[in-house]
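Visitor: I am new to this structure and would like a close look at a single part of it. Please take me through the disulfides.

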Amino acid sequence: YDWDYYGCTGTKPPSSGDYYPNWTGAASSSSSSSSSCLNDEKMPTYMLNSPTWYLSSTLKGCCEKHFNFDFHNCMGTEAQGTNKWYVKYDAYTCVQDCVGAPPCGGIAESWDEVFGDKKECCDEKMW
């Protein structure tokens with residue numbers, strides 16, 4: 001039963017200290033986010049059977065692989081803006097990737113295309 005060796009034998013491999021995705025939605029004791037990676041050696045057996053896919057040697061690697069959409073929460077860090085410009089479609093304008101008063105429009109999402117200045121953003125994206 002190579003596909004479920006640890007389940008079959010009722011054993012676990014030697015401790016590796018690897019990080020694994022916490023799919024349960026329960027935050028770890030050190031994180032308030034449900035997008036988290038843990039390294040508490042309590043990963044489910046199915047993750048042990050496919051370590052290349054599920055396990056990462058670093059917190060950053062685990063967060064990038066499994067929670068890229070919520071990377072900063074997974075890492076326990078605050079997102080930092082780039083001060084570049086992106087389209088805020090619901091406001092019909094380009095805003096700056098930063099937190100604070102306008103022209104800041106909040107932190108750009110990973111899928112937002114950013115530009116060096118407002119004119120370039122408007123020229124490229126506003127029609």
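Visitor: Numbering the bonded cysteines of the protein chain in sequence order, what is the pairing?

Guide: The model is a predicted one. With the bonded cysteines of the protein chain numbered in sequence order, the pairing is 1-2, 3-4, 5-8, 6-7. A search of the whole structure finds four disulfides; three of them are described here.

One of the disulfides joins cysteine 37 to cysteine 62, with an S to S distance of 2.1 Å. Cysteine 37 lies in strand β2 (residues 36-38) and cysteine 62 in helix α4 (residues 59-66), so the bond ties together parts that are 25 residues apart in sequence. Cysteine 37 is buried at 9% relative accessibility, and cysteine 62 is buried at 0%. The torsion about their S-S bond is about -85 degrees, so this disulfide is left-handed.

Another disulfide joins cysteine 94 to cysteine 121, S to S 2.1 Å. This pair links distant parts of the chain, 27 residues apart: cysteine 94 is in strand β4 (residues 93-96) and cysteine 121 in helix α6 (residues 118-125). Cysteine 94 is buried, at 3% relative accessibility, and cysteine 121 is buried with a relative accessible area of 0%. A torsion of about -85 degrees about the S-S bond makes the disulfide of cysteine 94 and cysteine 121 left-handed.

Cysteine 98 and cysteine 104 also form a disulfide, with sulfur atoms 1.9 Å apart.

Cysteine 122 is in no disulfide; its nearest cysteine sulfur belongs to cysteine 94 and is 3.6 Å away. A disulfide needs sulfur atoms within 2.5 Å. Cysteine 122 is partly exposed, with a relative accessible area of 24%.

Notes
Residues numbered from 1 in each chain as written. Predicted model: local features only at pLDDT ≥ 70, side-chain atom pairs only at ≥ 80, totals over all residues. Heavy atoms only, no water. Helix = DSSP H or I, 4+ residues; strand = E, 2+ residues; numbered from the N terminus. Buried < 20%, exposed > 50% of the residue type's maximum accessible area, 1.4 Å probe, protein only.
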